[in-house]
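Reader: I would like to go through the aromatic side chains of this model. Please show the sequence and structure before we start.

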Amino acid sequence: MKRKKRFILLGVIGVSLLAACGEKTEQAPTGQTQAEEVDFNWVSEQTEYEGFTQEEIAEKAVSREALFSGYDAALQDTYENFRLPESVTISPTAIYKQVELVQESGFSENAEEILRMFLGDELSETLEFSDYSETIGQATWVIDNEEEKVYCAVKDCGLVSVIKPSGYEIGFNGNFEVVDIVHVDREEPLSQSYALMDGEESIQEAVTYIEEWMNQNWVIWEPDFTYSVKTVMVRRYGDSHIYDIYVEKLLGGIPLDDSFGATGLAVVHGYLESKYIGSTIHIRMCNRNSIDVFTNGTGILRVQSTEEEEDGWLSLSDCTHMLEQLFSEYAVYEISDIEMQYVLCPDYDSVRELGSYSHASPGLRILAKPVWCFVMDIPEEKLLNEDGSFTVGYQKHYIDVDMRTGEVWLELE
């Protein structure tokens, strides 16, 4: 599976981004994105954005109130090589300069309760967990029962993966044809219905069920957030369909980074570390109003502290004009959506004394920073792996701009 990657431009001083442009000149588009056709290269020379030095950014910075009220006007502004959507759905109730999170620890003691939550008492009583702690490197309890067709894994960091009997043959397999992708967070129509394994269910019914379940049940384990369905991917399974449902965690109405897995990998002290991690919950609905497959990605998060700031925010308009200077003038970038979002930055020093180096370490400190996230959808026909199988997640290209400093992270591969 292709993974989301971000390349950091330190502070507001950017690395010059050169696009292959000789053969692009005659192909400059008028209606569609060329993001996947541009060959991006990085050079070591550092330059400042013209008109966007640190001092100038400080002068352009706006109040929090202006930040919340000014992005609609920015969509109507004119940009040389960016096409923004006509409208975006952004409904924050609060925004923080920085949020300190900590990854759960000692969560494996809840394994039996997690099992009952998904399977009920009757089946749960017949199953026994195996201890995989030595193999995994942290307390981990696992059930993989082929006879009862049940899988359940619970780690100390709060990672939970469950496959019920109704989803056991399907599991997390991504090699099923994609027939529809519905962006719920963009207020796309949800009335369309598909035949699941036990009958038809509309996207709206599925979304309503999942959001109610998450905000009534899962919130017990992660009470600092609210939960909302972001995307529904419809896959064909034999003569029926399954819904891949991606749920995001929101803090003050702003979602945590929804990258699927860990990104920005580097080897530090001989260990592979991820500079950024995602926090997406993936649910498979094989039957109507049912959670048949569930995983919460990297683990459970707790909010430790928040930092508020009234002023010093970068507007959407300024950030977009800043980005124009990084991208080839010979390509037009069709932005499908714009979000406020928190990127999640692990602090590995917080767990090194425990001999841990993983982004899934119990007790890991994580800093969340607010960004403007520019999203470019990948055409559905390109949602394939190299071997021809369908990708596991809903794949997108991302450009993130730190709303305080102007840092830029890119995923354009």
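Reader: How many aromatic pairs does the structure hold?
Author: The model is predicted. A pair of aromatic rings is described by the distance of the centres and the angle of the planes. The number of aromatic pairs in the structure is nine.

Reader: Which kind of aromatic pair do F176 and Y237 form?
Author: The ring centres of F176 and Y237 are 5.3 Å apart, with 90° between the planes. Planes over 60 degrees apart count as edge-to-face, so the pair of F176 and Y237 is edge-to-face.

Reader: How many residues apart in sequence are the parts that F176 and Y237 tie together?
Author: F176 lies in the loop between β8 (160-163) and β9 (178-183). Y237 belongs to strand β12 (residues 226-237), so the pair links parts whose separation in sequence is 61 residues.

Reader: Is F176 buried or exposed?
Author: The relative accessibility of F176 is 12%. Buried means under 20%, so F176 counts as buried.

Reader: What is the pair of W218 and F294: stacked, edge-to-face or tilted?
Author: The centres of the W218 and F294 rings lie 5.0 Å apart. Their planes are at 50°, so the pair is tilted.

Reader: Where do W218 and F294 lie?
Author: Both W218 and F294 are buried. W218 lies in the loop between α7 (203-216) and β12, and F294 in strand β18 (residues 293-295).

Reader: Which residue lies over the face of W313?
Author: The residue in question is at 4.7 Å from the ring centre of W313. That residue is R404.

Methods: Residues numbered from 1 in each chain as written. Predicted model: local features only at pLDDT ≥ 70, side-chain atom pairs only at ≥ 80, totals over all residues. Heavy atoms only, no water. Phe/Tyr/Trp six-rings, centres within 6.5 Å; stacked < 30°, edge-to-face > 60°. Helix = DSSP H or I, 4+ residues; strand = E, 2+ residues; numbered from the N terminus. Buried < 20%, exposed > 50% of the residue type's maximum accessible area, 1.4 Å probe, protein only. Lys NZ or Arg CZ within 6 Å of the ring centre and 35° of its normal.
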